[in-house]
Each structure stands twice: as structure tokens, then as C-alpha cells.
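I opened my notebook to record what I looked up in this structure. The entries follow the order of my reading.

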Amino acid sequence: MNRFILFIAVLTVLAASVLAGGPVSSVDIDRLAERVVADPLSIDARMELANAYLSLYDFSGNLGHVVLAESAAYHALEIDNRHVPGLNLMSRALALEGRFADVLYVQHWSIEVELKNAESWGILGDAFMELGKYRDADSSYNQMRMRDDGFHTKVRLAAREFDIGIVDVGLEGLSLAIDAAVNSEAVREISERDLAAAYELLARMNLATGDVEKSIAAADASLRARPGFLDALVVKAAALR
């Protein structure tokens, strides 16, 4: 399982008006591309364009959109190769392409630039997990947890438990994290994309334990948070079979 599909959304710079609702349209892409042309030295403009392409991937599953996101992130880093959100975004695109060794290279540089960035450590841990380097992954996740023990960290650690086959532990941790988030003021700080991804993971975990009813309920919650989210539709279809 490519863990990075879960965490595309955890980025510092977002095109909020474009990504808030359903799929990005060609008009949105054109508008963001025009902004890049108008201000070619704007990192934010290129980051917003990259995020828009990743949002398209969420709904289409088309890796061509990931390649375009990678290109936009690359050009942002040409402006400033110490821009940590850009480095992390680049790693997400590379990971979705299966280029995990390249992710390690980028993330080691990202961490060298900003040691305290929890997300950078989390992405590094994800890459180690995909490469089967579990001790290195655990070390990276420990560094992440030391810097941030919030919702995103708990979701990532639940995914780690799922990956290594400790489904019950991961399922309990994820359920508690989601419940705590949606029943507190903290939910305002969680994007629709992040919440949808967490519910989609919950749906897959419940399906793995054979609890079809809970799997469908979690998939529906994911789709309420982000209508049309492809991964949630896939899990729900699997549960309904």
C-alpha cells in the first residue's frame, strides 16, 4: 500500500479556494497557471498549482496529474531550494510515482534545512516503511511524535500499525484520534482532505477486520467530508461486494 495517498493534503501552502470543495476544474488550473505566468518568482503560486494538480489526482487517480504537480514543485524549488513545504510536496509527488529512494534524498535535505518540522520526519518515516526499513521508519516517527503529537501524527502512526499487521491497535488509535478531533475545536484546523483521508483509512481497517457495516459507515463519512474522493469510493465498493 502506498501510504502517501493518505497524506497528500498535509501541506503548509494550500490553494484554499480551489481545494475546498470538489474536483478542481480546468478553469481553476488555467487561473493558477496564469498566476504563475504573471508572477514567475512566486513560490506560493507554484505551490498552489502543484496542490491543485494533486487534488485532481485525488478524484481521478491519473498519475499524469502527479507528474504535473512534481514539475510545479520542482520549479518552486528552483526559486528556493530550502523551502520546506515545497520539499515535502515534491516528496509526496515522488512517492506517488513509487520513487521512494528519491523521497529519502529530498527528505534528508528537508530535515537538514528545518530539523523541527514534524511533517518532514513523518514523510521520511513513510518512505522507510514503503522500502521495508521498519527500524528507520520507527526512528523517524519517534522524531515526528516528539515535535507534534496531534491528529496528523496519530493518523500516520495508525497507518503504520495497519501496515505491519497490528490492525486492532491501529484501528483503536485511529478511532480515538478521529473522535477526539471531530468532537473538539481542533476540527477547525483539520482540512476536509485530511479528515476524508483519515475516514478512508478507518474504512479500510474495518474492512480488513471483516466489519463491513463500520467500513461502509467510515467510507460514507469520508465522502461527506470530500464528495467524490476516489479512494473512499473504491473502499466502499469493495465493502459492498
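The entries below concern the protein chain and begin with the basis of the values.

**Basis.** I note that this is a predicted model, in which local features need pLDDT of at least 70, side-chain atom pairs count only at pLDDT 80 or more, and totals for chains, interfaces and linings use all residues. Residues are numbered from 1 along each chain as its sequence is written, and side-chain values use heavy atoms, with hydrogens and water left out.

**Fold.** I looked up the secondary structure and found 13 helices and zero strands; helices are DSSP runs (H or I) of at least four residues and strands (E) of at least two, numbered from the N terminus. The radius of gyration, taken over C-alpha atoms, is 17 Å, close to the 18 Å of the globule rule for 241 residues, so the protein chain is as compact as a globular protein of that length. That rule is 2.2 Å times the number of residues to the power 0.38.

**Burial.** I recorded that 53% of the 241 residues are buried, meaning under 20% relative accessible area with a 1.4 Å probe, protein chains only.

**Contacts.** Of the contacts (heavy atoms within 4.5 Å) between residues at least 6 apart in sequence, 62% join residues at least 24 apart.

**Confidence.** I checked pLDDT, the predictor's confidence in each residue from 0 to 100. Its mean is 90 for the protein chain, and 90% of the residues reach 70 or more. Over residues 8-21 the pLDDT stays under 50.

Technical notes
Buried < 20%, exposed > 50% of the residue type's maximum accessible area, 1.4 Å probe, protein only.
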